[in-house]
Amino acid sequence: MDAPALQPAGPGWVHRFEAFAGPCELLVEGLPRWAAEDAARLVETEALAVEARWSRYRDDSQVGRINAAAGGAAVVVDEETAAAIELAAQAWRLSNGLFDISSGVLRRAWNFAPGARPPRPEAVEELLPLVGWGKVDWDPAARRIRLPAGMQIDLGGLGKELAVDRAAGRLAAAGLGAHALVNFGGDLFALGPRLDGRPWRVGLDDPAASGRRAAGGLDLASGGLATSGDARRHVLQAGRRLGHVLDPRTGWPVPGAPSSVSVLASTCTQAGLLATLALLQGARAEAWLAEQGVAHEVLRPDPVGN
Amino acid sequence: MQLKSSASKAAPLAGALALAVSGALGSLGAARPVRAGGWSVEQSTLIYREAQRVNVVEPVIQLSRLLPGDKRFGLRYTYDSMSGASPNGVAAADRAQTYTSPSGNAYGAAAGEFPQREFRDWRQALALDWEQPIAERTVALLGASASLETDYLSLGASATVKRETASRLGTWSAGLSLSSERVSPEGGFKKPFSAYGTASDDEIAASDSKIIVDGLVGYSQVLNRHWVADLNLGLGRDAGAMTEPYKGLGVVDAAGGHRGAVYESRPDSRLRTTVDLHNRVHLGRDIVHAGLRWYGDDWGVSALTGELSYWFKPESFFGLEGWTLRPQVRWSRQSAADFFRIALVEGRDIDLAGAPLVEHASADFRLDAMTAWTLGLRVEAPLGPASRWNLKVERYLQSGDGSPDEAVGAQRALDLYPELEVWMATVGWSWTF
């Protein structure tokens, strides 16, 4: 990789690049340019490596190979992929099937484009046999996975958050992370405060006006922050807004789901899992997060539905 | 927008997920976050031992805190407890020597040995420092210090400004420090060249003082991603009471026979210059520090010191994650001050009536030509998530010419340089909270 394009930002540097279909950035302070370049290189390399490994759009990725072999022979995956799949498997067990990396198939029935209508119930019924981690043959010790025909897995969201934590871990190991913030498309990890000891100010997207303005911000001095939810996607049924979050067990949107959930946790991955699971709790999201005892922010759609 | 946080009644899922995540992140682990605005505390204890001579135990505690706006505050307290025997300055002689200390205790040395005076003292020192940005890429550091012993008081202040170049690859620094020392020796200051170590010494002043001014200009440059070099130039001037109140020097006759001892005399000013070049080279995981320092003053002392240390991080070899091993070697060679004398020779340096024929003279072996080696090893390792411990062991060996050309007569049969061997051990820990 050539020297990363760094821009000065306050008493530090910002490195911006594209990965995971969105903007990513590293903010570092208290480092000379060459060290900030090393940091940028580590972070970008990690992001691109994770993306390449787990992209479901690439036939040569680990996930691409698994999906392509569905219904055929078992696939042996590399150690990192096995660790991510095992994490997904444990999250599936712990959440009683609510967190499911095989639920992406349901998107074939659902069209979340503006003005789209809900699918026929039969269309969803037809897909349900192809959803459910319990149907997957997974041997973590041998790192062997075999999907039944027609099934697919997607490590997208989980992969991005793991990449944030891994990139942060690499920065810390290299001694470059005293004052650093890793941000992959809104999933973040702060390794430490800014150079002056103040926390990083993190802007939150307002889901009702996404991309247009920040709904506000929050202070993050250390730890992970992840957000789940996207209010741009929704389906109207009889003038009523159906949620965009699909329950993998029913194939239908979870009623009363917030438009977005942000969670603070000790890792970005944990924050992301908790945010996704909170979204799937629907109307109980806030109560469920309170039970988990984690700092969080829940945004709900305009009740009129727009 | 504020995040809502609530006390946990039961969080089985969050906890179990955290465990699962740490499994998935594996050996890489999640980065350990650094807390904002916390205190950091360092405590260390130095044990210094000169063979057969001086023992020093020096505990130090240091507190520092990073404050909003890039400001930093630091405080350091040192307590020394010193005991043992210190050379009184007079060289070994061809016959036994006896002296009376200012407190009236008699001591002496056999022929061929260096007389040493028993002592016991303590020292307390307090230093405060403050750092804050004063302009873009510019930081000011201010310091104040005080040090107190039974017969000594020092007060000092310093100011340094550091400025990074626009590229942030270079840093200029300029500093000035000023300190005032007041020495009130037991028995007072004595008349130079008057009889040393007798019951009735001639006191000329109960106390005296000196002023020390130091200026420093430095430049540090990141030469490439592996190499950082620092060059520092220092100019200092000491003025006032430079003569050591407890040091004497011997008087010998033309045949080298011991005749007695007199109080030493040093010039009342000293102009010092230092040039210090330091390099840090990062070899991937490990770091090499290499430095060269030249010192010269208008007393005729010049010294060259070379230093090399290797910061070895052995994690991948022995599973010692977070450990640092730092072997270190330092070599130094110094020339003698113009007025250094092993002893005053009657008829050459002092007349038979005891009137000096030289303006200044001292037999303090710290002003003699010498070569010194220091070998050390420092180990540092984590003690917990926010704490580290360290241990440093050093051996210092100083040697000089035991048969110098200036020795006369009977002196030629003696070993006139007291070789010095020192062991130092420092154990410490640091903690951030």
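Biologist: How many helices and strands are there in chain A?

Modeller: Please note that this is a predicted model. In chain A, both kinds of element occur. The count comes to 7 helices and 15 strands.

Biologist: What share of the residues of chain A count as buried?

Modeller: A residue counts as buried when its relative accessible area is under 20%. Chain A has 306 residues, and its accessible surface is about 12500 Å², with 50% supplied by carbon and sulfur atoms. The buried share of its residues is 56%.

Biologist: How many helices and strands does chain B have, and what share of its residues count as buried?

Modeller: Chain B has 2 helices and 23 strands. Its accessible surface comes to about 22000 Å², and 59% of that belongs to carbon and sulfur atoms. Of its 433 residues, the buried share is 39%.

Biologist: In the open sheet of chain B that has 3 strands, which strands stand at the edges?

Modeller: The order of this sheet is β15-β14-β20 (chain B), with mixed pairing. A strand with a single partner has one side left without a neighbour in the sheet, so the edges are held by β15 (258–263) and β20 (343–345) of chain B.

Biologist: Which residue of β20(B) is the bridge partner of V252(B)?

Modeller: Strand β14 (residues 248–252) of chain B runs parallel to β20(B), and 3 bridges join them. In β20(B), the partner of V252(B) is V345(B).

Biologist: Which elements give two or more residues to the nonpolar patch on the surface of chain B?

Modeller: The patch has about 790 Å² of accessible area together, and its residues include W172(B), L231(B), V275(B) and W294(B). The elements that give two or more residues are β13 (227–240), β16 (269–283) and β17 (286–297) of chain B.

Biologist: Is V217(B) buried, partly exposed or exposed?

Modeller: V217(B) belongs to the nonpolar patch and is found in strand β12 (residues 208–224) of chain B. Because its value is 43%, V217(B) is partly exposed.

How values were computed: Residues numbered from 1 in each chain as written. Chains lettered and ligands numbered in written order. Predicted model: local features only at pLDDT ≥ 70, side-chain atom pairs only at ≥ 80, totals over all residues. Heavy atoms only, no water. Pairing = 2+ DSSP bridges. Helix = DSSP H or I, 4+ residues; strand = E, 2+ residues; numbered from the N terminus. Patch = residues over 30% accessible without salt bridge, like charges linked within 9 Å, V, L, I, M, F, W, Y side chains within 5 Å. Areas by Shrake-Rupley, 256 points an atom, 1.4 Å probe, with all protein chains shown as cover. Salt bridge = Lys/Arg side-chain N within 4 Å of Asp/Glu carboxyl O. Buried < 20%, exposed > 50% of the residue type's maximum accessible area, 1.4 Å probe, protein only.
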